[in-house]
Amino acid sequence: MRQTGGRDALAGLPPALNIIALSGFAASLSTRALDPVLPRIASEFSVSITTAAGLAAVSAFTFAVVQPAIGALADMFGKARLMIVCLALLGLASLLGAMATSFELLFLCRILAGIGSGGVFPVALGLTGDLVGPERRQVAIGRVLGGSMTGNLLGATASGVIGDVLGWRGVLTVLGLLVIIAALAVAFGFRGKPISPGGPMDFAGLRRSYRTIFSNPNAAICFTAVLVEGTCVMGTFPYVAAFLHELGQESLAIAGLVIAGFAVGGLIYTLTVGRLLPRLGVNGMMIAGGALVGLQLAIIAFGPPWQAQAACFIAMGMGFYMLHGCIQVFASELTETARGTAMSLHSFFFFIGQTTGPIAYGFGLSHAGKVPTMLMAAVTMLTLGLVLARILRARPPADAIGVAPDR
C-alpha cells in the first residue's frame with residue numbers, strides 16, 4: 001500500500017474534498033457536545049453520572065446499527081444527498097433535545113441524533129475513496145479527518161463554555177442551529193454537481209458486496225481493531241468531567257478544553273501525516289500510534305492536574321489517528337465497487353466500540369477502580385498497534401479487475 005506524501009499528494013487532491021470535510025465538520029460538532037455537561041444533566045434529571053453517560057452510548061449505538069443500511073443507501077441513492085438529509089436530521093434532533101422535559105425524552109433525541117450523524121462521516125469517507133486513488137488516499141482521508149477534528153475541537157470546547165453560561169440546553173440549541181446551517185451550505189456547495197443515485201435497489205448485489213468485503217481477510221482484522229479502539233479510547237470521554245470533579249475542578253469549560261485536546265491531536269495528525277508516513281511507513285505508524293495512546297491512558301489513570309491531562313489528550317489524539325488512519329486505508333481497499341458499504345461497516349464496528357466503551361469503563365470503575373481499568377485499556381492499545389503491524393498487509397479486493405477472491 002504505497003502512499004505519496006507532502007506537497008505532491010496535496011496538489012493532486014480534488015477541490016470537492018473541502019465540501020466533504022465541511023460535512024464532517026458539521027456532524028462532528030455535536031459528537032462530544034454533551035460530554036462536558038453530563039454532570040449538569042445528571043443533576044437536573046436526578047440520575048447518576050453512569051446513567052447520564054448512557055446518552056453518549058446510545059448515540060454511538062444508534063450510529064453503529066444504522067451503518068449497514070446507510071452504506072447500502074449511499075451506494076444506491078447517492079452519497080452527497082444522504083449526507084445533506086442526515087445533517088438536517090441531526091440539527092433537528094439537537095433542537096428537540098434542548099426542549100426535553102425528561103431524561104427519557106433527551107435519550108430519544110440522542111437516538112435520532114445518532115441516526116443523523118450516522119449518515120455523514122462514513123459516507124464522506126466512501127466518497128473520498130471514490131474521488132481519490134489509493135496512492136493519495138491516506139492524505140485525502142487526513143484532510144477529511146481535519147474537518148471532523150475541527151468540529152470535535154470546537155464542539156467540546158464551545159459546549160463547556162456555553163454550558164457554564166447557558167447550561168446544557170443552550171449547548172444543544174446552538175449546535176443544532178449550526179448543523180442545520182451547515183446542511184444548507186453543503187446543499188448549496190453540491191448544487192450543479194452530480195448527486196444522483198449510484199444505481200437501483202439490488203438486494204442480490206448487496207449480498208454480493210458483503211461477500212466480497214468479508215472474503216478479504218483484512219475485513220475481520222480491521223473491524224475487530226476499530227471495535228477495540230472505540231471501546232478503549234472513546235469510552236473514556238464521558239467520564240472526563242467526573243474525573244476532573246474528583247480533583248476539585250468543576251468548571252465545564254475546563255472539562256471541554258481537556259476533551260478538545262484529543263481533537264487538537266487529530267489536527268496535528270492531519271497536518272503531519274504527509275511527512276510522517278514516508279518516514280515511519282504504515283507499520284511504524286501503527287506501532288507508534290498504539291504506544292502513544294497506551295502511554296497517555298496510563299498517565300491519566302493516576303489523575304494528574306487538568307493541564308497535564310489536556311496535554312495527554314493531545315498526544316492521545318495524535319497517536320489514535322496515526323493508528324486509526326492506517327486502519328481506515330486498509331478498510332477502504334476491501335472492495336472497489338461497494339466502498340460506501342465497506343466504510344459503513346467500518347464505522348459500525350467502531351461505534352459499537354463507542355457503545356460498549358462507557359459501559360465497560362463504568363463496570364471497571366465500579367468494581368476494579370480507576371487505575372486498574374485505565375491501565376488495562378493502556379496495555380490493550382499498545383498490544384493492538386503491535387499486532388496490527390504484524391498481521392495487516394495489502395490484499396487485492398475480490399472485485400478488483402483480474403483478481404479472483406481468496407479461497
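**Notebook: salt bridges, a surface patch and a helix contact**

I take a salt bridge to be a side-chain nitrogen of Lys or Arg within 4 Å of a carboxyl oxygen of Asp or Glu. Arg-169 lies in helix α10 and Glu-44 in helix α3, so the pair ties together parts that are 125 residues apart in sequence. The helices are DSSP runs (H or I, at least four residues), numbered from the N terminus.

I note that this is a predicted model, in which local features need pLDDT of at least 70 and side-chain atom pairs count only at pLDDT 80 or more, while totals for chains, interfaces and linings use all residues. Residues are numbered from 1 along each chain as its sequence is written, and side-chain values use heavy atoms, with hydrogens and water left out.

Arg-169 is partly exposed, with a relative accessible area of 26%, and Glu-44 is partly exposed at 41%. Buried means under 20% relative accessible area, exposed over 50%, and partly exposed in between (1.4 Å probe, protein chains only).

I searched the whole structure for salt bridges and found two. Arg-40 and Asp-164 also meet through their side chains in a salt bridge, at 3.6 Å, N to O. This pair links distant parts of the chain, with Arg-40 in helix α3 (residues 38–44) and Asp-164 in helix α10, 124 residues apart. Arg-40 is partly exposed at 37%, as is Asp-164 at 34%.

I next looked up a nonpolar surface patch of about 540 Å², made by Val-161, Val-165, Leu-166, Val-174, Leu-178 and Ile-181. Patches are made of residues with over 30% relative accessible area and no salt bridge; like charges are joined within 9 Å, and nonpolar side chains (Val, Leu, Ile, Met, Phe, Trp, Tyr) within 5 Å. Accessible areas come from the Shrake-Rupley method with a 1.4 Å probe, and for residues only the protein chains shown count as cover. Val-161 has its place in helix α10 (residues 134–189) and is partly exposed, with a relative accessible area of 44%.

Cys-312 lies in helix α15 and is buried, with a relative accessible area of 5%. Between Cys-312 and Leu-295 I noted 17 residues in sequence and 8.7 Å in space, C-alpha to C-alpha.

How values were computed: Helices (H or I, at least four residues) and strands (E, at least two) are DSSP runs, numbered from the N terminus.
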